[in-house]
Amino acid sequence: MANQNAKGLKRLINACYFSVAGFKATWTHEEAFRQEVLLFAITTPLAIWLGENSIEKLLLIGSIVLVMLVELLNSAVEAVVDRVGLEHHELSGRAKDIGSAAVMMSLAWAAVTWALILL
């Protein structure tokens, strides 16, 4: 990372640039992330409309945000594994499978949250 010695406000500004670069990279290279952003765009107005109080709205929206957060982390794991090498290795496959399982659990959590609140 460039300029690791930055302090204070400059460090925060740099961190924001790195974060935006991360969002751009994930958007560009991960179809699943684009699908989850679309899911977020559709479900957020629904959550605001269907949630009966602030807590329900927060849980509905937050469950989808959780899916996107886990997808970002999974994408980071996949990028690092691919950087190390594209040949098949048991540990590389395991790391990718575990990341995928985390995404699946977050999706299940979101589905249960939506079902319990709305049904």
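Axes in this tour are lines fitted to C-alpha atoms, for helices over the stretch in contact, and angles run from 0 to 180 degrees between N-to-C directions. The model is predicted, so local features need pLDDT of at least 70 and side-chain atom pairs count only at pLDDT 80 or more, while totals for chains, interfaces and linings use all residues. Residues are numbered from 1 along each chain as its sequence is written, and side-chain values use heavy atoms, with hydrogens and water left out.

**Stop 1: α1 and α2**

Select α1 (8-29) and helix α2 (residues 31-50). Helices (H or I, at least four residues) are DSSP runs, numbered from the N terminus. The axes of α1 and α2 cross at roughly 105° and come within 5 Å. The two helices are therefore roughly perpendicular to each other; angles of 65 to 115 degrees count as such, those under 35 as roughly parallel, those over 145 as roughly antiparallel and the rest as oblique. Next, display the side chains in contact, meaning heavy atoms within 4.5 Å. On α1 they belong to Phe-23, Thr-26, Trp-27, Thr-28 and His-29, and on α2 to Glu-31, Phe-33, Arg-34 and Val-37. By class, this contact has four nonpolar, three polar and two charged residues. Ala, Val, Leu, Ile, Met, Phe, Trp, Tyr, Cys and Pro count as nonpolar, Asp, Glu, Lys and Arg as charged, and the others, Gly among them, as polar.

**Stop 2: α2 and α3**

The axes of α2 and α3 come within 9 Å, crossing at roughly 175°. That angle makes α2 roughly antiparallel to α3. Among the contacting residues are Phe-33, Phe-40 and Ile-48 of α2, with Leu-60, Ile-64 and Met-68 of α3. The contact of α2 with α3 divides into 14 nonpolar, two polar and three charged residues.

**Stop 3: α3 and α4**

Now bring in helix α4 (residues 90-118). The axes of α3 and α4 cross at roughly 175° and come within 9 Å, so this pair is roughly antiparallel. Their contact comprises 17 nonpolar, seven polar and five charged residues.

Within α4, select Ser-106. Ser-106 is buried, with a relative accessible area of 5%; buried means under 20%, exposed over 50% and partly exposed in between (1.4 Å probe, protein chains only). Neighbours within four places in sequence aside, Ser-106 is in contact with Leu-66, Val-67 and Val-70.

Move along α4 to Ala-110. Ala-110 is buried, at a relative accessible area of 4%. With neighbours within four places in sequence left aside, Ala-110 is in contact with Ser-63, Ile-64 and Val-67.

**Stop 4: the segment after α4**

Select Leu-119, in the segment after α4. Leu-119 is exposed, with a relative accessible area of 86%. A C-alpha to C-alpha distance from Leu-119 to Ala-108 gives 16 Å, for residues 11 apart in sequence.

**Stop 5: the largest pocket**

Finally, select Gly-22, Ala-25, Thr-26, His-29, Glu-30, Leu-72, Ser-75, Ala-76 and Ala-79, which line the largest pocket. On a 1 Å grid over the protein atoms alone, a pocket is an open set of points where a 1.4 Å probe fits, with protein on both sides within 12 Å along at least five of seven lines; lining residues have an atom within 4 Å of a point. The volume of this pocket is about 190 Å³, counted as the space filled by probe spheres set on the points.
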